[in-house]
Amino acid sequence: MQEIPTNGYQNEEVTPNPIVLFDGVCNFCSSVVRFAILRDPDGIFRFASLQSDAGQLFLKKFGLSTDDFDSFVLIEGHRFSLRSTAVLRLCKMLNGFWPIVYLMIIVPAPIRDFIYDLVAQNRYRWFGKKEECFIPSADVRNRFL
């Protein structure tokens, strides 16, 4: 997990909820978001597509690429995780047996990220792509930034 630059301000606004940034036009990524919502009955997670205004602001704030949508980003306070680490940290916070998946964190990041990158590079071909970003249903819309 990496520390988010605070530009010297100790009291810089931090969201109290973990934020998931995802590729909004990717069918697989949108499915992962729906999967997380179903396993987050307390509604702790907030979501934004990487392409959205909110997603772009977060990416800029943290010094991340604003035009590379292959990454899954999990923001927790002043810290963020990318790619496989972000997915595993998300699983750790879900209800059910999903926190057990976090044990995969013992696999070295280069190996985990190799598999992550393989899926990320082929996600449109394997799962399809939408013309527009994922639009949440009315009952969870307030969890999207």
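R83 is partly exposed, with a relative accessible area of 27%, where partly exposed covers the range between buried (under 20% relative accessible area) and exposed (over 50%), taken with a 1.4 Å probe and protein chains only. The model is predicted, so local features need pLDDT of at least 70 and side-chain atom pairs count only at pLDDT 80 or more, while totals for chains, interfaces and linings use all residues. Residues are numbered from 1 along each chain as its sequence is written, and side-chain values use heavy atoms, with hydrogens and water left out.

The side chain of R83 meets that of D117 in a salt bridge, at 2.6 Å from N to O; the term stands for a side-chain nitrogen of Lys or Arg within 4 Å of a carboxyl oxygen of Asp or Glu. This pair links distant parts of the chain, with R83 in helix α3 (residues 83–93) and D117 in helix α4, 34 residues apart. Helices are DSSP runs of H or I with at least four residues, strands are runs of E with at least two, and both are numbered from the N terminus. D117 is also partly exposed, at 25% relative accessible area.

By the salt-bridge rule the count comes to 6. One of them joins R143 and D40, with 2.2 Å between N and O.

Another salt bridge is formed by R123 and D70, whose closest N and O atoms are 2.6 Å apart. R123 belongs to helix α4 and D70 to the loop between α2 (53–61) and β4 (73–76), so that distant parts of the chain, 53 residues apart, are linked. R123 is buried at 4% relative accessible area, whereas D70 is partly exposed at 35%.

Helix α4 gives the largest share of the patch, 3 residues. L118 is placed in helix α4 and is partly exposed, at 41% relative accessibility.
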